[in-house]
Amino acid sequence: ARKLIELVGAAGGVPVLFGNALPGVATTHDLREHWLEAPFSGQDVSLRAQLFLFHELVTSRRIAGAIGAKSGAMDGPALLGVPTLYLEYENIPNSKRMKKWLGVVPGFERLGCDRFLNEEGATLEPAEIAQIETWLAKLV
C-alpha cells in the first residue's frame, strides 16, 4: 500500500484509501472501513450506500481511477466506469471471477504480480511498478 500511495502521488494524483485498515499506512484522505459507520453500516443499505458514495465521487470528478489488490471493493468503481487496475498474485487459484470482467467492463485491467502483496514485506517488482506508472500516466 505504501508503494501505491507513493506512485499515485508521484503521478500527480491524491491517494484516497478504501478497504480494510492497514496499520502504519496513512494518507490525507482515508475512507478505510467506512462501511462500519453510518450511513454505510446498516445491513440493508450498506452496499447501496457504498455504491452511491462511489457514484458521487465519480460524477463530481473527485476520483480518476481505482488501483489495488483484488477485492470486492474494486467492483463498485469498475462498474461505475472508473478506470480500475487490480493487482493479483499471478498463480492464485481463484482468479476466474474477476478475469471474466476483462475486456467486458470498460477500463477494467489486471496486473499479475509475482507474489502475494498482502504478505508481510511483499514488494512490487520493477516491471510491475513500471506497468502501474504507465497506467497512472493515462489518468492524469
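Helices (H or I, at least four residues) and strands (E, at least two) are taken here as DSSP runs, numbered from the N terminus. On that basis the protein chain reads α-β-β-α-β-α-β-α-β-α from the N terminus on, which comes to five helices and five strands. The model is a predicted one, with local features needing pLDDT of at least 70 and side-chain atom pairs counting only at pLDDT 80 or more, while totals for chains, interfaces and linings use all residues. Residues are numbered from 1 along each chain as its sequence is written, and side-chain values use heavy atoms, with hydrogens and water left out.

Of the 140 residues in the protein chain, 33% are buried (under 20% relative accessible area, with a 1.4 Å probe and protein chains only). Contacts (heavy atoms within 4.5 Å) with a separation of 6 or more come, for 37% of them, from residues 24 or more positions apart.

As for helix packing, H1 (residues 2-10) and H5 (residues 126-137) sit with their axes 10 Å apart, at an angle of about 40 degrees; axes are lines fitted to C-alpha atoms over the stretch in contact, and angles run from 0 to 180 degrees between N-to-C directions. Lys3, Leu4, Leu7 and Val8 from H1 meet Ile129, Ile132, Glu133 and Leu136 from H5.

Then there is Thr84, in strand S4 (residues 84-89). Thr84 is buried, at a relative accessible area of 0%, and its side chain reaches the backbone oxygen of Val82 at 2.7 Å. Beyond its neighbours within four places in sequence, Thr84 touches residues including Ala66, Met74, Phe108 and Trp135.

Note on methods
Buried < 20%, exposed > 50% of the residue type's maximum accessible area, 1.4 Å probe, protein only. Polar contact = N/O pair within 3.5 Å; in protein donor to acceptor, adjacent residues only side chain to side chain.
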